[in-house]
Amino acid sequence: MALLDEADDETLMAEVAAGDRAAFDVLARRHLRRSIAMAQKVVGNASDAEEVVQDAFVQVWTHADRWRGDGFRFSTWLYRIVLNRAIDYRRRRSFQPLDEAVELPDPSPGAERLIEERQMGAAVEAAIAALPERQRAALSLCYYQDMSCAEASEILQVSVSAMESLLVRARRMVRSKLNTVIRQKDGDQP
Amino acid sequence: MTLKEFKRYVDLHGGDLDRWPAPAGVEATILLDESEEARTLLAEAAALDALLDRAVPRVSDAAVERAMGRIAARIDAAASADASPWRLAPAPLSFWPTASFLAVMGLVGFLVTSTGLLPVQDAYAAGLPDILVMNGYLGVAQ
């Protein structure tokens, strides 16, 4: 097991293709957290993201023999499966992020501030959720997963310049939706 | 770096120069010393980053363990279903098990009738040819 832990993704994937469950477990544990985080930004909530990622990993196990590499890293292949599944999932389901932001009024002094903070967070989530799916995926990869545009472009299977354009449009659209919040926030600062 | 190039980088990488590609970050610092407009653009981008940071996806250890468990359960369930001997051809129907089954049944049928294990009914003796069924697009005639 210690040897498996030290093996790189591509070596592990070769073992998985031969039916090695232990290698698969190491690979899954290594990428699960990031995959869920990535899917979460596309589908809009944690439980759906978990479901999407479970499907993706079962697919990786079932079709492990199809893994060829072809110059791509395993993570590129995996994240591509996760993102495509997340986009499909999102298309099939409707999503209302603001429903989760409903708060009961609390008379304590810090409560108003807390509600304001949560409402702001919900407004940001809603602005991201309103983006077209590929822009949302671009923001998830480049901003939240800290990937370079080149890495993200391989996952989304677009050119680097197309990736940059998606990211720029995503940021501009979120900013335009949150302009009121940004001005309000600037007004709060001394 | 021109202000136009600076704006493009701000739109792409946001208000934190540490997230910019290294050479562009250095050039941006020089421009920021000279341009008020560049400073404003960077401050606006930083404000947007601060808002985006409120929506950082957080994945708990429990969520990871839960997903690991469910993935393992689904793979185990699929493996045990595949190994069930009573399943001739799991969906989608696989060709060879189905073809083999039909071939064996055909052979058994042939052997049973050719060895006389089952009596063959004579249709003429039963008078069945008297009943003529015509089935055409104009209807059924007897």
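Guide: The sulfur of Cys149(A) has its closest cysteine sulfur in Cys142(A), at 4.2 Å, which is too far for a bond. A disulfide is a pair of cysteine sulfur atoms within 2.5 Å, and a search of the whole structure finds zero of them over all chains. This is a predicted model, in which local features need pLDDT of at least 70 and side-chain atom pairs count only at pLDDT 80 or more, while totals for chains, interfaces and linings use all residues; side-chain values use heavy atoms, with hydrogens and water left out. Residues are numbered from 1 along each chain as its sequence is written, and chains are lettered from A and ligands numbered from 1 in the order in which they are written.

Cys149(A) is buried at a relative accessible area of 9%, and Cys142(A) is also buried, at 7%. Buried means under 20% relative accessible area, exposed over 50% and partly exposed in between, with a 1.4 Å probe and protein chains only.

Cys142(A) also belongs to the second largest pocket, where Cys142(A), Asp146(A), Met147(A), His13(B) and Arg19(B) lie nearest the centre among 14 lining residues. The volume of this pocket is about 220 Å³, taken as the space filled by probe spheres set on grid points that are joined across faces, edges and corners. On a 1 Å grid over the protein atoms alone, a pocket is an open set of points with protein on both sides within 12 Å along at least five of seven lines, whereas a cavity is a set where a 1.4 Å probe fits but cannot get out; lining residues have an atom within 4 Å of a point.

Both chains contribute: helices H7 (133–144) and H9 (160–188) of chain A and helix H1 (3–13) of chain B each supply at least two lining residues. H7(A) gives the most, with three residues. Helices are DSSP runs of H or I with at least four residues, and strands are runs of E with at least two, numbered from the N terminus. By class, nine lining residues are nonpolar, two polar and three charged. Here Ala, Val, Leu, Ile, Met, Phe, Trp, Tyr, Cys and Pro count as nonpolar, Asp, Glu, Lys and Arg as charged, and the others, Gly among them, as polar.
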